[in-house]
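Take a walk through this model, starting where its parts meet and ending at what it holds.

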Amino acid sequence: MARILTGIQSTGRPHLGNILGAINPAIALANKAENDSFLFIADLHSLTQIKNAEELKNNTFQVAATWLACGLDPNKTTFYRQSDVTECTELAWYLNCFFPYQRLKLAHSFKDKSDRLEDVNSGLFAYPMLMASDILLYDADFVPVGKDQLQHLEMTRDVASRINHKHGEIFVLPEPILQQDAQLILGTDGEKMSKSRNNTIDVFDAENAIKKLINKNIVTDNTPLEEPKDPDSATVYQLYKLLATNEESKTMAEKLKAGGYGWGHAKKELLDKIVSSFSEERAKFEHYQNNPKEVEEVLMEGAQKAKKVAKATLERVRNSLGYN
Ligand code: ADP
Ligand code: TRP
């Protein structure tokens with residue numbers, strides 16, 4: 001059985017683009033019986049940017065509740081919070097001591113982030129070794145990542161090989177699984193949906209709030225109600241199509257082309273579609289909001305399982321380095 005491991009950034013409540021583009025495909029992979037999957041919320045990595053305790057905690061909760069609401073099965077997947085397995089920071093230190101500073105300086109993501117961010121701290125610089133620790137600690141065989149994370153995987157393999165070379169076969173060398181660019185979900189302004197663009201749709205929001213957002217933010221042209229409209233250039237139609245059946249999409253396209261059907265009508269249908277397609281997820285999410293302890297329990301159980309594996313790996317490392 002292959003072990004698949006992925007870390008999830010905890011940057012707040014995921015939006016429709018995150019759910020359709022990343023969360024649902026990852027859950028499908030994790031729920032496959034032939035995989036032994038580990039999934040964690042990378043809240044230690046978040047500390048490089050978030051220094052407010054409440055915000056950090058709340059982000060982690062929102063992310064965990066979303067994954068559970070979207071169908072992640074904690075009986076099939078070891079689902080945990082990175083910071084609960086303190087072995088991770090210990091291993092990260094050892095890895096740091098085996099990885100050349102000059103190589104770490106070549107990390108694209110650091111260059112990229114240090115140009116953009118205000119808080120450029122040493123944690124941000126050491127980020128790849130914490131990520132290597134996340135992976136090596138659990139003997140992961142495969143790590144699904146986007147293109148931007150491939151270099152971190154190379155560094156993980158590199159530092160693991162350096163230590164294996166010196167101290168014997170301690171670590172499993174992980175293979176990346178390159179996640180193809182998922183279907184791109186458009187935001188309310190017709191550009192890529194993204195937190196930084198302020199064009200997201202929060203499917204867990206109150207129905208009234210989603211309605212307001214759709215009416216106010218989804219861009220339409222000002223073709224009068226009675227005139228024919230072009231569905232393919234309309235964001236409201238593109239979003240509807242993502243969630244509707246082919247038959248339903250065809251019907252909306254025909255109504256738009258025929259005229260006498262306004263953007264307001266299409267927006268109302270989109271709202272109903274969002275609420276109905278996510279009805280189960282919305283109910284579960286609300287349940288977790290009202291019962292945060294349940295999320296906590298799931299994460300604590302996950303941490304117990306993860307810790308068992310982590311402790312065994314760390315013992316191998318400590319023995320080899322002379323800390324026994
Ligand atoms: P954001 O752009 O809102 O900050 P992230 O960059 O944190 O989102 O992305 C988290 C995950 O969600 C990534 O795997 C990314 O590929 C996916 N994702 C984000 N936005 C979209 C989108 N508009 N369409 C499809 N997938 C997306
Ligand atoms: N750095 C990853 C990202 O930005 C998140 C992450 C942290 C991760 N640790 C990991 C991904 C380990 C895969 C494996 O998306």
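Between domain 1 and domain 2, about 330 Å² of area is buried in this predicted model. Carbon and sulfur atoms give 81% of that area. The side of domain 1 that touches domain 2 has three nonpolar residues, one polar residue and one charged residue.

How many residues of each domain are in contact? Five residues of domain 1 meet four residues of domain 2. Salt bridges between domain 1 and domain 2 number zero.

Domain 1 is assigned in two segments, 2–185 and 292–321. Domain 2 is assigned to 205–277. The centres of domain 1 and domain 2, taken over C-alpha atoms, are 38 Å apart.

Turn next to the ligands. Which residues surround ligand 2? The shell holds Leu5, Gly7, Gln9, Phe40, Ala42 and His45, along with Tyr127, Met131, Asp134, Ile135, Val143 and Gln149. Gln9 places a side-chain N or O atom 2.7 Å from an oxygen atom of ligand 2. For Tyr127, a side-chain N or O atom lies 2.7 Å from a nitrogen atom of ligand 2. In Asp134, a side-chain N or O atom is likewise 2.7 Å from a nitrogen atom of ligand 2. On its own, ligand 2 has 360 Å² of accessible area, and the protein covers 92% of this.

Ligand 1 has its own set of neighbours. His15, Gly17, Asn18, Gly21 and Ala22 are part of the surround, and so are Gln183, Leu184 and Ile185. Lys192, Met193, Ser194 and Lys195 complete the list around ligand 1. By class, the shell around ligand 1 has four nonpolar, six polar and two charged residues.

Where does the backbone approach ligand 1? At Lys195, a backbone N or O atom lies 2.7 Å from an oxygen atom of ligand 1. At Gly17, a backbone N or O atom lies 3.4 Å from a nitrogen atom of ligand 1. Asn18 contributes a polar side-chain atom, 3.1 Å from an oxygen atom of ligand 1.

Key:
Residues are numbered from 1 along each chain as its sequence is written. Chains are lettered from A and ligands numbered from 1 in the order in which they are written. This is a predicted model: local features need pLDDT of at least 70, side-chain atom pairs count only at pLDDT 80 or more; totals for chains, interfaces and linings use all residues. Side-chain values use heavy atoms; hydrogens and water are left out. Domain bounds come from an automatic or database domain assignment. Contact means heavy atoms within 4.5 Å. Buried area is the accessible area (1.4 Å probe) that two parts lose on being put together, summed over both. A salt bridge is a side-chain nitrogen of Lys or Arg within 4 Å of a carboxyl oxygen of Asp or Glu. Ala, Val, Leu, Ile, Met, Phe, Trp, Tyr, Cys and Pro count as nonpolar, Asp, Glu, Lys and Arg as charged, and the others, Gly among them, as polar. A residue is near a molecule or strand if one of its heavy atoms lies within 4 Å of it. A polar contact is a pair of N or O atoms within 3.5 Å; within protein, one must be able to donate a hydrogen and the other to accept it, and residues adjacent in sequence count only if both atoms are side-chain atoms. Accessible areas come from the Shrake-Rupley method with a 1.4 Å probe; for residues, only the protein chains shown count as cover.
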